[in-house]
Amino acid sequence: MNMNPIGKFEMREIVSEFETTLIRLYGVNMLDAAVSRYEALDIYNEFRCARTAAAICGLRKGLSLQTAA
């Protein structure tokens, strides 16, 4: 994975947005979903959008979308 175009602070923002989206969509954080930062950034490199990457990652992990109560 090529991380050169992404800076250290941008990585933090990407991972934070990724985790926030996982929590919002699936109700689990990265630790509970067994997603490493490396894996999150790798998926981000495919889609170049943290929200899309989190949604796709959740689907790949077999997580269920949360429904509004």
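In which helix is the place of Glu17?

Analyst: Glu17 is in helix H1, which covers residues 8-26. Helices here are DSSP runs of H or I at least four residues long, strands are runs of E at least two long, and both are numbered from the N terminus. Quick housekeeping: this is a predicted model, where local features need pLDDT of at least 70 and side-chain atom pairs count only at pLDDT 80 or more, while totals for chains, interfaces and linings use all residues. Residues are numbered from 1 along each chain as its sequence is written, and side-chain values use heavy atoms, with hydrogens and water left out.

Back to Glu17. At 27% relative accessibility, Glu17 is partly exposed; buried means under 20% relative accessible area, exposed over 50%, and partly exposed in between, with a 1.4 Å probe and protein chains only. Leaving aside residues up to four places away in sequence, Glu17 touches Ala50 and Arg51, where a contact is heavy atoms within 4.5 Å.

Met11 and Leu41 lie 30 residues apart in sequence, yet their C-alpha atoms are 7.6 Å apart. Ile14 picks up both Leu41 and Ala50, along with Ile6 and Tyr44, again not counting residues up to four places away.

Ile14 also takes us to the core. The largest nonpolar core has 18 residues, and Ile14, Phe18, Leu22, Met30, Val35 and Tyr44 have the most contacts inside it. Such a core is a set of buried Ala, Val, Leu, Ile, Met, Phe, Trp, Tyr and Cys residues joined through side-chain atoms within 4.5 Å. H1, H2 and H3 each supply at least two of its residues, and H1 gives the most, with five.

The buried residues here are Ala50, Ala53, Ala54, Cys57 and Gly58. Seen down the axis of H3, they fall within an arc of 135 degrees, so they line one face of the helix; the arc is that of the directions from the helix axis to the C-beta atoms. On the face of H3 turned away from the buried side you'll find the exposed residues Leu59 and Arg60. Helices H1 and H2 (37-47) are among what covers the buried residues of H3.

Ala40, Leu41, Ile43 and Tyr44 are its buried residues, and they sit within an arc of 160 degrees seen down the axis, so they line one face of H2. What covers them includes H1 and H3. The axes of H2 and H3 come within 8 Å and cross at roughly 115 degrees; those axes are lines fitted to C-alpha atoms over the stretch in contact, with angles running from 0 to 180 degrees between N-to-C directions. Where they meet, Ile43, Tyr44, Glu46 and Phe47 come from H2, and Ala50, Thr52, Ala53, Ile56, Cys57 and Arg60 from H3.

The loop between H2 and H3 holds Arg48, which has a positive phi of about 60 degrees although it isn't a glycine. As background, most residues other than glycine have a negative phi. Arg48 is partly exposed at 46% relative accessibility. Ala34, in the loop between H1 and H2, also has a positive phi, near 60 degrees, and is exposed at 53%. Just after H3, Gly62 has a positive phi of about 80 degrees.

Last, the cysteines. Cys57 is buried at 2% relative accessible area, while Cys49 is partly exposed at 29%. The sulfur of Cys49 is 14 Å from the closest cysteine sulfur, in Cys57, too far for a bond. A search of the whole structure turns up zero disulfides, taking a disulfide as a pair of cysteine sulfur atoms within 2.5 Å.
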